[in-house]
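Have the sequence and the 3D view open as you read.

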Number of protein chains: 2
Amino acid sequence: MRLPELRVMGVDPGLTRCGLGAVVGRAGAPLTLVKVGVARTPAGDDIGARLAAIEVEIERWLDEVRPDAVAVERVFSQSNLRTVMGTAQASAVAILCAARRGLPVALHTPSEVKAAITGYGNADKAQVGTMVTRLLRLDAMPKPADAADALALAICHIWRGGTQNRLAAALAKARPAAVPAKGTAP
Amino acid sequence: MRLPELRVMGVDPGLTRCGLGAVVGRAGAPLTLVKVGVARTPAGDDIGARLAAIEVEIERWLDEVRPDAVAVERVFSQSNLRTVMGTAQASAVAILCAARRGLPVALHTPSEVKAAITGYGNADKAQVGTMVTRLLRLDAMPKPADAADALALAICHIWRGGTQNRLAAALAKARPAAVPAKGTAP
């Protein structure tokens with residue numbers, strides 16, 4: 001059975017730079033870049049204004065990209081305390097925007113993403129960027145690194161989601177009515 | 001000059017229990033309870049559904065309470081790693097809801113709240129609950145503790161906000177047109 005194509009929006013959450021990237025494809029087939037960019041908010045603004053600005057930008061992306069699923073980096077609190085709070089708050093906005101639309105949200109850890117893209121869970125940013133550029137057949141590495149990371153998240157989700165997508169497709173096929181499974185529609 | 005009354009909604013953020021409490025009053029005068037409660041989301045639900053449910057509940061409260069300002073507990077990552085991420089994400093939803101309406105958002109640390117309410121920054125939950133009950137002339141201590149903490153946040157903001165409110169009121173008075181300063185309108 002051929003897997004359905006999945007249109008995935010990846011979010012590398014952050015207040016100062018929130019990486020956004022959308023990819024369409026299926027496991028075992030060439031992937032295509034849909035859109036890549038970064039939402040920035042001024043460090044001097046208060047947290048409410050920054051989260052509201054990120055919400056506006058993510059909503060705009062969701063309207064335009066119309067993804068089947070949203071993949072967000074899972075935040076850990078090992079790193080810098082101040083940064084991690086902002087990252088967790090920005091990720092909450094991305095998750096909320098997706099959930100409100102009934103889109104499936106997947107959280108992938110940085111090492112899951114690195115392992116999926118480069119085969120090595122401790123790969124550095126340059127390695128991830130190089131592989132993203134190659135996998136999407138781009139002329140240059142997407143910049144800043146947050147934008148490349150968002151694309152890596154989307155690719156990771158398309159590849160890792162293989163099993164779940166097959167299951168969802170099989171369930172949809174087994175159902176009496178032709179209701180497409182959520183997140184697996186073309 | 002008499003300070004204007006302030007209607008403040010306090011939020012003690014959390015995914016499992018998000019404390020909500022609204023108080024109206026001014027520094028140096030008796031305070032009045034407007035509403036108190038808690039928004040709960042099932043631990044088994046996915047993060048997206050939980051954040052969306054908290055958003056719905058906070059929006060409902062903002063519609064009903066019509067606060068002049070929202071006070072949210074400032075989250076630190078000293079405590080349990082898993083819990084703190086959920087707390088940061090729930091706080092992001094509260095801050096976002098307030099900011100979208102143009103409401104001023106204030107973040108107060110747990111020790112600032114305890115010091116304001118009990119005079120002691122390391123006071124325990126029972127002490128805070130007792131003082132909240134006394135200050136609002138309630139028959140019984142609000143339960144769960146998250147609800148009492150939300151009221152404590154609102155009271156802390158009314159008291160600590162004194163200086164800023166006076167300044168805002170003075171500025172409003174000094175202005176040629178009678179435009180009320182944001183967050184200080186009756």
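Residues are called buried under 20% relative accessible area, exposed over 50% and partly exposed in between, using a 1.4 Å probe and protein chains only. This is a predicted model, where local features need pLDDT of at least 70, side-chain atom pairs count only at pLDDT 80 or more, and totals for chains, interfaces and linings use all residues. Residues are numbered from 1 along each chain as its sequence is written, chains are lettered from A and ligands numbered from 1 in the order in which they are written, and side-chain values use heavy atoms, with hydrogens and water left out.

**Salt bridges**

A salt bridge here is a side-chain nitrogen of Lys or Arg within 4 Å of a carboxyl oxygen of Asp or Glu. By this rule, there are 22 salt bridges over all chains. Three of them are set out below.

| Pair | N to O distance | Relative accessible area |
|---|---|---|
| E57(A) and R60(A) | 2.9 Å | E57(A) 21%; R60(A) 48% |
| E112(B) and R160(B) | 3.7 Å | E112(B) 26%; R160(B) 39% |
| K125(B) and D149(B) | 2.4 Å | K125(B) 52%; D149(B) 12% |

Helices (H or I, at least four residues) and strands (E, at least two) are DSSP runs, numbered from the N terminus. E57(A) and R60(A) both sit in helix α1 of chain A (residues 47–65), three residues apart, or about one turn of the helix. E112(B) is partly exposed, and so is R160(B). The salt bridge between E112(B) and R160(B) links distant parts of the chain: E112(B) belongs to helix α3 (residues 110–118) of chain B and R160(B) to helix α5 (residues 145–160) of chain B, 48 residues apart. In the pair K125(B) and D149(B), the partners are 24 residues apart, with K125(B) in helix α4 (residues 125–135) of chain B and D149(B) in helix α5 of chain B. K125(B) counts as exposed, whereas D149(B) counts as buried.

Salt bridges also form a network that includes E55(A), E59(A), R100(A), E55(B), E59(B) and R100(B).

**The sheet in chain A**

Two strands pair if DSSP finds at least two bridges between them. In chain A, five strands make an open sheet with mixed pairing, ordered β3-β2-β1-β4-β5. Strands β3 (32–40) and β5 (105–108) of chain A are at the edges with a single partner strand each, so one side of each has no neighbour in the sheet. Strands β1 (residues 6–12) and β2 (residues 17–25) of chain A run antiparallel and are joined by seven bridges. Across this pairing, M9(A) is opposite A22(A) in β2(A).

Strand β4 (residues 69–73) of chain A holds E73(A). An unreviewed UniProt entry lists E73(A) under "binding site"; UniProt positions follow the numbering used here, feature names are shortened, and annotations may be inferred rather than shown by experiment. Contact means heavy atoms within 4.5 Å. Beyond its neighbours within four places in sequence, E73(A) contacts V11(A), D12(A), P13(A), H108(A), P110(A) and L153(A).

**Cysteines**

C18(B) is buried, with 0% relative accessibility.
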